Amino acid sequence: MATLSAFSSPPWPNPNPNPNPNPNANFVDSFSDVDTFSDHSFPLESDSDSPMPQDPIEPPHSQDPNPNPNPTQNPNLQNPFTSPPDSPPSPQPNLLHLSFNQDHGCFAAGTDHGFRIFNCDPFREIFRRDFLSSPTDSAAEESGGGISAVEMLFRCNILALVGGGPHPQYPPNKVMIWDDHQSRCIGELSFRSNVRSVRLRRDRIVVVLEQKVYVYNFADLKLLHQIETISNPKGLCAVSQQTSSLVLVCPGLQKGQVRVEHYASKRTKFIMAHDSRIACFALTPDGHLLATASSKGTLVRVYNTIDGTLLQEVRRGADRAEIYSLAFSSTAQWLAVSSDKGTVHVFSLKVNSASAGNDKPRSASDPNLAVTQSSTSLSFIRGVLPKYFNSEWSVAQFRLPEGSHYIVAFGHQKNTVVILGMDGSFYRCEFDTVNGGEMTQLEYHNFLKPEEAF
């Protein structure tokens with residue numbers, strides 16, 4: 001079950017804020033798996049199809065008090081602030097979560113102290129919220145601070161937070177809607193089991209539990225859909241970002257199966273993607289292409305989400321690996337893969353997202369395919385040798401220290417990837433579309449080191 005509540009101050013920032021919120025708050029009827037929840041209407045800042053304003057999120061000015069202070073409303077909610085100037089330097093926090101925003105221009109880090117938001121290019125810390133008043137204060141440690149999930153909404157000031165770690169800031173069965181203009185939570189979703197992940201669109205909030213997915217309307221927080229899944233401890237889920245259509249992908253009810261919900265056409269498609277359990281998947285922003293990997297981690301498959309057609313299969317390697325992340329480039333010309341083997345691979349794709357609807361692969365003469373396909377040239381004995389020898393291999397690779405969890409996305413500069421590590425590492429690398437091979441490292445930072453200035 002889930003409950004939702006919102007605090008009484010105007011929940012969404014407005015260019016022309018009305019100090020008197022609408023007294024006629026919307027109340028939503030209860031559902032079979034939902035207790036009761038009530039909320040204020042949450043108007044979005046923009047209804048356009050273009051990304052949110054590209055100005056970085058700015059922290060509230062310290063001289064501007066909370067426009068709607070109400071200290072008695074939630075006595076357990078601590079007001080976040082960075083370390084006071086007279087306090088000793090904070091020790092390096094422990095990372096609990098890393099994720100990119102929807103256009104891969106920013107990333108969020110959840111720590112055992114709070115959360116931080118960074119810009120990718122140029123690399124810099126945009127802001128941080130530390131919930132602990134003093135890292136050495138045992139009472140403060142007991143009070144919480146840990147954030148195990150931070151979901152951004154492009155670059156706007158609304159975030160979804162989930163508490164986690166040894167001393168969670170919030171109960172791990174709640175999704176807290178955070179407004180960074182007010183530096184406070186403006187609402188919450190409560191569930192009977194722990195939240196595994198959250199996905200945001202401008203019009204939807206998607207909450208993933210161990211065996212269920214809940215879809216809410218963002219404008220009034222009405223529950224729209226409930227989906228049952230196979231056990232999903234990683235919280236695997238992906239949503240498209242085009243305003244005109246909503247495509248949601250989650251695990252199905254069988255091992256190796258993915259479920260694709262096309263809400264615009266009211267169609268559900270089940271794809272038996274692998275024989276083993278699903279370990280990772282990624283969706284193009286328009287929702288046309290889906291990349292999947294299984295727990296074996298040797299093959300990555302690309303499907304047309306409309307009809308479930310297998311469009312391409314690429315090989316990461318011959319030995320088993322845990323796939324940590326998959327990412328399409330903005331044009332769906334490239335696919336990046338990271339795993340526990342410490343190597344990031346970039347593959348060239350034969351189909352683009354725009355042609356996925358009619359399932360027409362790009363021809364080998366397509367000028368966009370500058371790289372010669374890295375499949376073996378043993379076609380004259382195809383069918384005689386094992387499938388391994390006919391596999392398509394990565395065009396470019398980047399070697400990383402093993403032992404850390406890395407996620408990857410494509411950078412905004414042409415032919416670049418951004419790699420984030422749970423050890424605090426940030427890499428920006430460039431790959432050669434003509435010659436392929438080892439990528440060139442352009443930039444490195446450790447974003448957790450307190451001595452680094454941003």
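Q: How many bridges join strand β27 to β31, and do the two run parallel or antiparallel?
A: Strand β27 (residues 396–399) is joined to β31 by two bridges, and the two strands run parallel. Strands here are DSSP runs (E, at least two residues), as helices are (H or I, at least four), numbered from the N terminus, and two strands pair if DSSP finds at least two bridges between them. This is a predicted model, in which local features need pLDDT of at least 70 and side-chain atom pairs count only at pLDDT 80 or more, whereas totals for chains, interfaces and linings use all residues. Residues are numbered from 1 along each chain as its sequence is written, and side-chain values use heavy atoms, with hydrogens and water left out.

Q: Which residue of β31 stands opposite Gln 397?
A: Opposite Gln 397 stands Glu 438 in β31.

Q: And what is the strand order of that open sheet?
A: The open sheet has five strands in the order β24-β25-β26-β27-β31, and their pairing is mixed. Its edge strands are β24 (323–328) and β31 (437–438), each of which pairs on one side only.

Q: Switching to charges, how many salt bridges does a search of the whole structure find?
A: The search finds 14 salt bridges, a salt bridge being a side-chain nitrogen of Lys or Arg within 4 Å of a carboxyl oxygen of Asp or Glu. One of them is between the side chains of Asp 180 and Arg 129, with N to O at 2.8 Å.

Q: Where do Asp 180 and Arg 129 lie along the chain?
A: Asp 180 is in the loop between β10 (174–179) and β11 (184–191), and Arg 129 is in strand β7 (residues 124–130), so this pair ties together parts that are 51 residues apart in sequence.

Q: Is Asp 180 buried or exposed?
A: Asp 180 counts as buried at 0% relative accessibility, and Arg 129 is buried too, with a relative accessible area of 8%. Buried means under 20% relative accessible area, exposed means over 50%, and partly exposed is in between (1.4 Å probe, protein chains only).

Q: What does the hairpin of β10 and β11 look like, the one with Ser 183?
A: β10 and β11 pair in the antiparallel sense over six bridges, and the bridge partner of Ile 177 in β11 is Gly 187. The hairpin has four residues between its strands, and Ser 183 takes a positive phi near 55°. As for cover, eight of the eight residues of β11 are buried.

Q: Which residue meets Glu 313 in a salt bridge?
A: The side chain of Glu 313 meets that of Arg 301 at 2.7 Å, N to O. Glu 313 is in strand β23 (residues 310–315) and Arg 301 in strand β22 (residues 299–304), and they are twelve residues apart. Glu 313 is buried with a relative accessible area of 18%, and Arg 301 also counts as buried at 18%.

Q: What about Arg 316, which residue does Arg 316 form a salt bridge with?
A: Arg 316 forms one with Asp 319, where the closest N and O atoms are 3.4 Å apart. Arg 316 is buried, with a relative accessible area of 7%, whereas Asp 319 is partly exposed at 42%.

Q: Now the rings: how many aromatic pairs does the search find?
A: There are 18 aromatic pairs in the whole structure. Rings of Phe, Tyr and Trp (its six-membered ring) pair if their centres lie within 6.5 Å, and planes under 30 degrees apart count as stacked, over 60 as edge-to-face and the rest as tilted. Among them, Phe 107 and Phe 447 have ring centres 5.2 Å apart and planes at 65°, so the pair is edge-to-face. Phe 107 lies in strand β5 (residues 106–111) and Phe 447 in the segment after β32 (440–446), so this pair ties together parts 340 residues apart in sequence.

Q: Which residues form one aromatic cluster with Phe 107?
A: Phe 107 forms one aromatic cluster with Phe 100, Phe 118, Phe 123, Phe 426 and Phe 447. Phe 107 is buried, with a relative accessible area of 0%, and Phe 447 is likewise buried at 0%.

Q: Last topic, how many disulfides does the search find?
A: The search of the whole structure finds zero disulfides, a disulfide being a pair of cysteine sulfur atoms within 2.5 Å. For Cys 120, the nearest cysteine sulfur is that of Cys 106, 6.4 Å away, and Cys 120 counts as buried at 3% relative accessibility.
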